[in-house]
Amino acid sequence: MPEQGCTHIRAITTLTHRKRYECDECVKIGSEWVHLRTCQECGVTLCCDSSPNHHASKHAHQSAHPVIASAQPGERWLYCYSDDAFAEY
Ligand SMILES: [Zn+2]
Ligand SMILES: [Zn+2]
Ligand SMILES: [Zn+2]
């Protein structure tokens, strides 16, 4: 991984992906989402910052799980909220 400043993304050796394409929190409250992200620390799949509820970003800050991967089919990248670092794989 090319990111110099982010040790979080570099520490990831196995990517966590889910087959189910839904935001766990939006499903609970009956809301909708735009894109999905999977937390690489605990594997929860949540909605992106373009979605009304920003669940992935809230989860990253509240749980101190900085790294998410896109859960969109065909997208292959990781993002670290803590360092604002982006990496394709
Ligand atoms: Zn980082
Ligand atoms: Zn959501
Ligand atoms: Zn997490």
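In this predicted model, the zinc ion (ligand 3) is held by four side-chain atoms: SG of C39, SG of C42, NE2 of H59 and ND1 of H65, at 2.0 to 2.3 Å. The angles among those four donor atoms run from 103 to 113°, and the site is tetrahedral.

C42 belongs to the loop between β1 (36-39) and β2 (45-47), while H59 is part of helix α3 (residues 55-63), so the pair ties together parts that are 17 residues apart in sequence. C42 is partly exposed, at 43% relative accessible area. H59, on the other hand, is buried, with a value of 16%, because anything under 20% counts as buried.

Another histidine worth a look is H35, found in the loop between α2 (24-29) and β1. With a relative accessibility of 29%, H35 is classed as partly exposed. Here is how these residues line up:

| Residue | Relative accessible area | Class |
|---|---|---|
| C42 | 43% | partly exposed |
| H59 | 16% | buried |
| H35 | 29% | partly exposed |

Which residues does H35 touch, once its neighbours within four places in sequence are set aside? The contacts are L46, C47, C48, S51 and Q72. As for H35 and L78, the two are 43 residues apart in sequence, and their C-alpha atoms are 14 Å apart in space.

Technical notes
Residues numbered from 1 in each chain as written. Chains lettered and ligands numbered in written order. Predicted model: local features only at pLDDT ≥ 70, side-chain atom pairs only at ≥ 80, totals over all residues. Heavy atoms only, no water. Donors = N, O, S within 2.8 Å, 3.2 Å for Na, K, Ca; no water. Tetrahedral: all angles 85-135°; square planar, octahedral: opposite > 155°, others 65-115°. Helix = DSSP H or I, 4+ residues; strand = E, 2+ residues; numbered from the N terminus. Buried < 20%, exposed > 50% of the residue type's maximum accessible area, 1.4 Å probe, protein only. Contact = heavy atoms within 4.5 Å.
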